[in-house]
Amino acid sequence: MIDPPIAMLAELTHRCPLACPYCSNPQELTAKEEELDTENWVDVFEQAARLGVLQLHLSGGEPASRRDLLELVVAARKAGLYTNLITSGVGLTPKKLEDLDNAGLDHIQLSIQGINAQIADRIGGYKGGFDRKMHIADHIAARAIPLTLNAVMHRENINDLVATMDMAERLGARRIEVACVQFHGWALQNRTALQPTRAQVDRAKDIIKAESEKRMGRLVIDFVPPDYYSDFPKACMGGWGSTGLNVTPNGTVLPCHAAETIPTLTFANVKESSLSEIWYHGSAFNAYRGTDWMPALCQTCTRRDIDFGGCRCQAMALLGDPDAVDPVCKKSPDRPVVDRLVTVESDGLAESNLIYRRM
Amino acid sequence: MTPEAIPFLPRGVRTHFDAVRNTPVLLGPERVLMLDQIGDAVLKEVDGESSLDAISARLAAAYDAPQADIVEDVCEYLEDLVNKGLVGLRHD
């Protein structure tokens, strides 16, 4: 019995003014000419709603790079979807914001690259980006559009955790996602520069605990721990093909945003198949759905239905084998691979030359 | 939470009937809550004008139960949502 999906991430475009070195987009970015057009996307939103999707995340790249963003938000709301805009804020204007607000946009998730212009513009690779973001944040607050701040944390900024939460409250956010960088996409090749140290992670966990209590009722804090330091793997996507799906700028439908790194999988496109056909019968979605695919170690594990076998893209990235036990798991025979990486890369001595995400 | 407090759904949080799963849901930022009968009954009364007391009185009448019990249930249910940022509280 396959349940319908709850959430869909629509990566409207890979175009983005920022160049964050931890971008979750793939190394091979899709050009503007290959993007789905307005009509395609509207059809995908309507199909998603009929399939059972309740929440739509409009993402990218920078979704504001799409000239038809307003039309897409109107269509998404008309389809009955809870519509969330995931944006850097750069590319939005007060006028565009007003139009999106009037169109019924439910929520904005604003990414921040740092607590001041110096840090943020270095990480975003875009001079003046911080100031533009703060300008639009003021307008978001003035319109009282529900706001979540999304802060990707890594070695350079994890010590600014408290200041980052203060900033969220100052900007009127009711929620903050403090997500330690996940090593997929561009982050993978910047791992040496971004991996926090063990001491940083321990301190961050204490801070999160204390601040969550202190700010209860004012700010909801969702923390994504750095999984190389965890004993058990993350429950990727809440289980492969169980709750969510991603549509890339050219219409390829993925079980998670990094799934294209697994070379044994083939992916269907909304231009050729219906979303429903892809969700229920697509080979990529069924490849790691449920528990039958799992190695014996996971199948017999008491955490089988908690971790869902961890992250397939991580097994691929670190071991070259998407079918292996997630090497983050302390029960994995390959856990020493992760331990070695953490020891070698997080001593803080490594040169932090950032490789920026560019098209 | 005091009985005089007035609960409301803040902007960005709304109820929705999920026709595919045939169930009422509460939608918020990165949150989907499938509502059971109790949740649905309580949230239907959250109109941004009625106090916890008034809500409990209506539910007590509708379900023929002692209001003291209902008030406790309503507060407990809503407190969890307040902590998750899905319900706001006003004190007029």
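**Helix packing, burial and a chain interface**

Reader: How do you describe the packing of helix α6 (residues 161-170) and helix α9 (residues 198-214) of chain A?

Author: The two helices pack at an angle of about 35°, and their axes are 10 Å apart. Axes are lines fitted to C-alpha atoms, for helices over the stretch in contact, and angles run from 0 to 180 degrees between N-to-C directions. Helices are DSSP runs (H or I, at least four residues), numbered from the N terminus. This is a predicted model, in which local features need pLDDT of at least 70, side-chain atom pairs count only at pLDDT 80 or more, and totals for chains, interfaces and linings use all residues. Residues are numbered from 1 along each chain as its sequence is written, chains are lettered from A and ligands numbered from 1 in the order in which they are written, and side-chain values use heavy atoms, without hydrogens and water.

Reader: Which residues of α6(A) and α9(A) meet?

Author: Leu161(A), Val162(A) and Met165(A) of α6(A) meet Ala204(A), Ile207(A), Ile208(A) and Glu211(A) of α9(A). Contact here means heavy atoms within 4.5 Å.

Reader: Why is Leu70(A) called partly exposed?

Author: Its relative accessibility is 33%. Buried means under 20% relative accessible area and exposed over 50%, with partly exposed in between (1.4 Å probe, protein chains only), so Leu70(A) falls in the middle class. Leu70(A) lies in helix α2 (residues 69-78) of chain A and, leaving aside neighbours within four places in sequence, is in contact with Asp99(A), Leu100(A) and Ala103(A).

Reader: Which residues of helix α15 (residues 335-345) of chain A are buried, and how do you know that they share a side?

Author: Arg335(A), Val338(A), Leu341(A), Val342(A) and Glu345(A) are the buried ones. They cover an arc of only 125° around the axis, so they lie on the same side of α15(A); the arc is that of the directions from the helix axis to the C-beta atoms. Arg340(A), Thr343(A) and Val344(A), on the other side, are exposed. The buried residues pack against α8 (191-194) and α14 (312-319) of chain A.

Reader: What is the extent of the interface between chain B and chain A?

Author: About 1,900 Å² is buried between the two chains, 51% of it on carbon and sulfur atoms. Buried area is the accessible area (1.4 Å probe) that two parts lose on being put together, summed over both. In chain B, Arg11(B), Arg14(B) and Glu30(B) lose the most area to chain A, together 35% of what that side buries. The contacts join 20 residues of chain B to 31 residues of chain A.
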